[in-house]
Amino acid sequence: MNSIYNMSIGEVIDKVQTSLDGMTEEEAAKRRGQYGYNQLKETKKKSIIQVFLSQFTDFLVIILLAAATISLFLKDFKSAIVILSVTVLNAILGTIQHVKAEKSLESLKALSSPTARVLRNGNQAEIPSREVTVGDILFLEAGDYVSADGRIIENSSLQTNESSLTGESVSVVKTSQQIEAHDVAIGDRKNMVFAGSLITYGRAMVVVTGIGMETELGKIAFLLDAAQEKKTPLQVTLDKFSKKLAVVIFALCVLIFVLNVVRGYGRVESFMFAVALAVAAIPEALSSIVTIVLAIGTQKMAKENAIVRKLQAVEGLGSVSVICSDKTGTLTQNKMVAEKIYVDTKVIDIKDLDVQNPLQRRIIEMSVLCNDAVTTEAHIIGDPTELALVDMAEHHKLDELKLRETYPRLSEVPFDSDRKLMSTLNDFDGELIMITKGAVDVIVQRIKEIATTNGTRAIERKDLENIEQRNRELSQSGLRVLAFGYKAFAEKRDLHTEDESDLVFIGLVAMVDPPREEAEQAVEDCINAGIKPVMITGDHKITAAAIAKQIGIVKEDREVVEGSEIERLTDEQLKQKVRDISVYARVSPEHKIRIVKAWQSLGNVVAMTGDGVNDAPALKQADIGVAMGKVGTEVAKDASAMILTDDNFATIIKAISNGRSIYANIKNAVRFLLSGNTAGILAVLYTSLARLPLPFTAIHLLFINLLTDSMPAIALGLEPHNKDVMLEKPRDINRPLLTKTFMSHILLEGIVIAAGTVAAFYYGMDKGGAALGSTMAFAVLTLARLIHGFNCRSSLPIVKINLTSNKYQWLALALGSILLAAVLTVEPLKSIFDVEHAVINELGVIVLLAFCPLLIIQMTKMIAYGLKRTNV
């Protein structure tokens, strides 16, 4: 079946059941009833209440809610209030982050043209773009946004910027001619215009063939809505950990409950203590601590030009193993820049041009005069290629407006995609000169002479070979090449296409969408950090390969493929090949998603960078979507997890480095929380097995877990950035947070802290009975866990780290100690927290026993450090 671009103009008119005279208002209204309005549909989003309630679906939170419910049932209101307060606070934090919900479809709507000019009732009329319907005759000219997809039926040198769809900044030259080829990429459908694109040159009359969700823009909106958002690695790890922890806690609580009942405690009392133990075992502060640490991390990253829209993306970015980057506007500057000229048999860098050299000055002047682009302080108007020529002149202090005033245009033959030429007739101080620019292969067939430093002479075969050779070399370097020639006229007259012959060749101008200055270093840093950089672009294969080689993404051409090759591969075949491909050229939005999914299926954490509408679905599909803030469309920003406000590719490396550091800090905080909780569990388990009184009350455990533990954990999350993290490989997404080595450290540290706690319990019972023993055990466990924060700062001994670099750790110790002192000495608090009055006399013993775990753990670290140094 033929597509619209395969049909003749007559066939398209018949297919959409319209005529070149347009429609009446009545017919248009009828069609709006049939096709709907020209707008993009929105999906129903969760209400704030739904988002808030969804925060309570975490497995650990469910256990806490169950514990709070049981506490209420048993009239232990103090415990219930504390537990509920923490879970509600955590839910509020999650909801605040979630209300920045996706606005991708609204941004797509905003991108559409607000008004359109159509043929209604036989006359041109300006109407809201949402009222454009299939079969309308649409009028377009330079500066217009296209409001719907359509087939060109009349064309006057039309050029469009389709970068929001294809990602390429170079304007597409349009035609009204029928296209014979099938399965043509969007960028090559030269007889079509697409909603959301910009007219940069010329005029056209178009018949509308698709509106709303049926446009190419609408298809991207559908892809954006269908793409699945991913949980970050830490979310996945904590989910798995929560389920395993719940099983262990349940088993322990049953064991303690049974032991206490057997020992003669009442069932209600035994059950309440089992609930308290569950609360002690569950790191209630963990979820909040992780959220707070990530939030603080986002503030730091925002100062470094990376705005994080989704909190957990901070740590996810640190696990990235593949970056799929759009070329245009991300790795390159998204503007054409003249780079070299070829004149008088020499290739010269633009910066080395000499405007005092008559030949070099003349090609600069001619490139501006045969040019419709205009740059002023208020406006920059024109095709990117022509703007590059204007910029070249301005770089050498030649203003295009003054040149055009000095050498006025008398006549012109506009650029035409069939001729691939543009010509103007200008008055050079009384000498009439026609300037012609265009494709090299066309110009070389029309030249008769060549301009040299010694004047003009007849063109020779050797000259033509030199021109063609230089053109090949420049093109293979990823440059776009234009040729310039001129011809003298004896008198003023209108120009015609027949005049574009017998030209004097003056030279070539080669331009490029250049790489960002920082891109090469950023790519090198990616590779050094064990990250695979992949370029995905709608540009041609040669151009993409040249840029990729220049910035270090590829070394061999076999690493470069085109979208048409991907089209022929199944998902399984793409999965097998994806590791060997570094550059994808001429790709569609669907290809981008397939590439991201292929990498994800191999267990990789994928970041996708981009700035155009065409990037949005892949940005959402990727584990971490990274949008450009300056040149990025609102659609791309809203689909992303992170936005770079400076559009600096190197900022991604900083963000990855920060992500890795934040993950390491969170891991240290988890180690701190779990080792402290382990100490509490072991102390309770020991006293139960030893048939001793219970060492803590439920309120003791809640005080430790929710107050004194939180501050050191947050302080660990604020540990200064460690540059060494970028010398490591990305963390394997399948590697659990709690490895055997990590768990063994937690267990050993828990045993040491528990030993000090039990020693305090024995000492207190000996001095003043079970009440004093419980109070001393509570005080030692609290203070020992506050001090334990210093053990968790690094795997190195504390004598090998800068103890003053993290002031928050000292602040946490001070505030925690003050809180503990208040509970032990202030009368109302003593009764609330079941504290024995006589404990004030034993403060020296409490401090000594609390410091013992620090000394023991640091001794083991010193031994391990010494052995490691010896082995090295």
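**Exercise 1. How many disulfides does the count come to by this rule?**

Before we start, a word on the model: it is predicted, so local features need pLDDT of at least 70 and side-chain atom pairs count only at pLDDT 80 or more, while totals for chains, interfaces and linings use all residues. Residues are numbered from 1 along each chain as its sequence is written, and side-chain values use heavy atoms, with hydrogens and water left out.

Step 1. Apply the rule, which asks for a pair of cysteine sulfur atoms within 2.5 Å. The count comes to 0 disulfides.

Step 2. "Buried" means under 20% relative accessible area, "exposed" over 50%, and "partly exposed" in between (1.4 Å probe, protein chains only). Cys324 is buried, with a relative accessible area of 0%, and Cys792 is buried at 0% too.

**Exercise 2. Find the strands that pair with strand E20, and say in which sense each one runs.**

Step 1. Strands (E, at least two residues) and helices (H or I, at least four) are DSSP runs, numbered from the N terminus. Two strands pair if DSSP finds at least two bridges between them.

Step 2. Take the partners in turn:
- E10 runs antiparallel to E20, joined by 5 bridges; Lys340 stands opposite Ala510 in E20.
- E17 (residues 447–452) runs parallel to E20, with 3 bridges; Glu449 has Val504 in E20 as its bridge partner.
- E19 (residues 480–489) pairs with E20 in the antiparallel sense over 7 bridges; Gly485 has Phe505 in E20 as its bridge partner.

**Exercise 3. Describe the second largest pocket and its lining.**

Step 1. Define it. On a 1 Å grid over the protein atoms alone, a pocket is an open set of points with protein on both sides within 12 Å along at least five of seven lines; lining residues have an atom within 4 Å of a point. Grid points are joined across faces, edges and corners, and a volume is the space filled by probe spheres set on the points.

Step 2. Give the volume, about 1600 Å³. Of the 45 lining residues, the closest to the centre are Asn668, Arg671, Ser794, Ser795 and Leu796.

Step 3. Name the helices. H12 (313–318), H26 (649–689), H29 (740–768) and H33 (843–871) each supply at least two lining residues, and H26 gives the most, with 8.

Terms used. 1 Å grid on protein atoms, 1.4 Å probe; cavity = no way out; pocket = protein on both sides within 12 Å on 5 of 7 lines; lining within 4 Å.
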